[in-house]
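Q: I'd like to learn how to read aromatic contacts in a protein model. Could you walk me through them?

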Amino acid sequence: MPSTYLSQLPKSRSAEEFELICSDILQNKYGVRFQSYGRNGQAQNGIDLFAPLPGVHNLYVVAQCKNYFGETKPSVLIKKMQADINAAEQQTNMCIQKFYLMTSYNRDVHIQNFILTCQNLSFQIELWFWEEIQGVILSNQNMLEKYYSSYLECGNIVALFNLAFIGTQFSNLIFLLLGDRGETNRFCELLQDGETWIKNQSARKRFSEFLQAVYQFVNGDLPWEILLQSHKNSNEYFWCCEIEKIVSTVGDNLPPRQRILFLIGSCLGYYSKILDENDQLTISEAAKDSFMELCQTWGFTNEQNQKIESLFEPMILPAPDSLTEKFAYDSQKATAPSRVYDYIRELLMRS
């Protein structure tokens, strides 16, 4: 299952913004403010950022920030890194204890091998690729909001919708789909993608731990007894229920517009769960009206709302008298929340 480090944040095309990101990461790590070393056009001795090592007299931590992308050949980046390391070695203005090479380049074995050859230097070298940098950003809500507020509000809105729908009914889904590991893994991945919407750091950590435990269970040797009703006494069921509890709190900390979308997704997840647990139930007209009001408030067009309402309809229809028609009725009613979810998700992905 993708961890936070495999979530994909868009890279900044601004060298200045990338340097600010690196500065914030190092400041959080060391607890001291990192300053820019000189300015463009001045001799910087291979150094972009510097700060005194906390608690140690006259020792410094420095960084070189390379905002290079995949279109740059590794050999080009290696040549520039070598020049920066040499310049830092020769400078006499500060005593360097640690030298960070931080780049927006994706992890590359050629660059790693080059760093391994850098021996007998007067300072330690630590190499950070984009995977490590974005991992820190994704685990730090302040940095996410500072540099990726538009990503949270727009580009990641589908992840919020997925989190609400799947997370609200996860204890049912996981045991319905144990026979299809691919489908179950897909649900785990969609939940992981929505992790950044969990604002509380402690809750997010517990969410990640429970989800990882579920993923390992699904991809391990599944005991057949877990498929029986007794699964509700299992650790796996407890993990899924805890994930549901954490997801249920997400809407409390969202801005008004995002909260509306979260409620749309969580309502559909709840309807799917209760219809699966009791095929005698239907959704009330009042619940349907409240749901459609949420859709209208979100801003779907009249045509889109009419489509959503038609997909919702099987959930409120009474059961037919004919036994021959009941099987088709039960199937349509049980799958209606998922069909509404699929349609709305498609609309969000196109917007």
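A: Rings of Phe, Tyr and Trp (its six-membered ring) pair if their centres lie within 6.5 Å; planes under 30 degrees apart count as stacked, over 60 as edge-to-face and the rest as tilted. By this rule, there are 14 aromatic pairs here. The model is predicted, so local features need pLDDT of at least 70, side-chain atom pairs count only at pLDDT 80 or more, and totals for chains, interfaces and linings use all residues. Residues are numbered from 1 along each chain as its sequence is written, and side-chain values use heavy atoms, leaving out hydrogens and water.

Q: Why is the pair of Phe210 and Phe238 edge-to-face?

A: Their planes meet at 85°, with the centres 6.0 Å apart, so the pair is edge-to-face.

Q: Is Phe210 buried or exposed?

A: Buried means under 20% relative accessible area, exposed over 50%, partly exposed in between (1.4 Å probe, protein chains only). At 16%, Phe210 is buried, while Phe238 is partly exposed at 43%.

Q: How is the pair of Trp298 and Phe300 arranged?

A: That aromatic pair is tilted, with 45° between the planes and 6.5 Å centre to centre. Trp298 and Phe300 are both buried.

Q: Which charged end sits over the ring of Trp298?

A: A charge sits over a ring if NZ of Lys or CZ of Arg is within 6 Å of the ring centre and within 35 degrees of the ring normal. For Trp298 it is Arg257, 3.7 Å from the ring centre.
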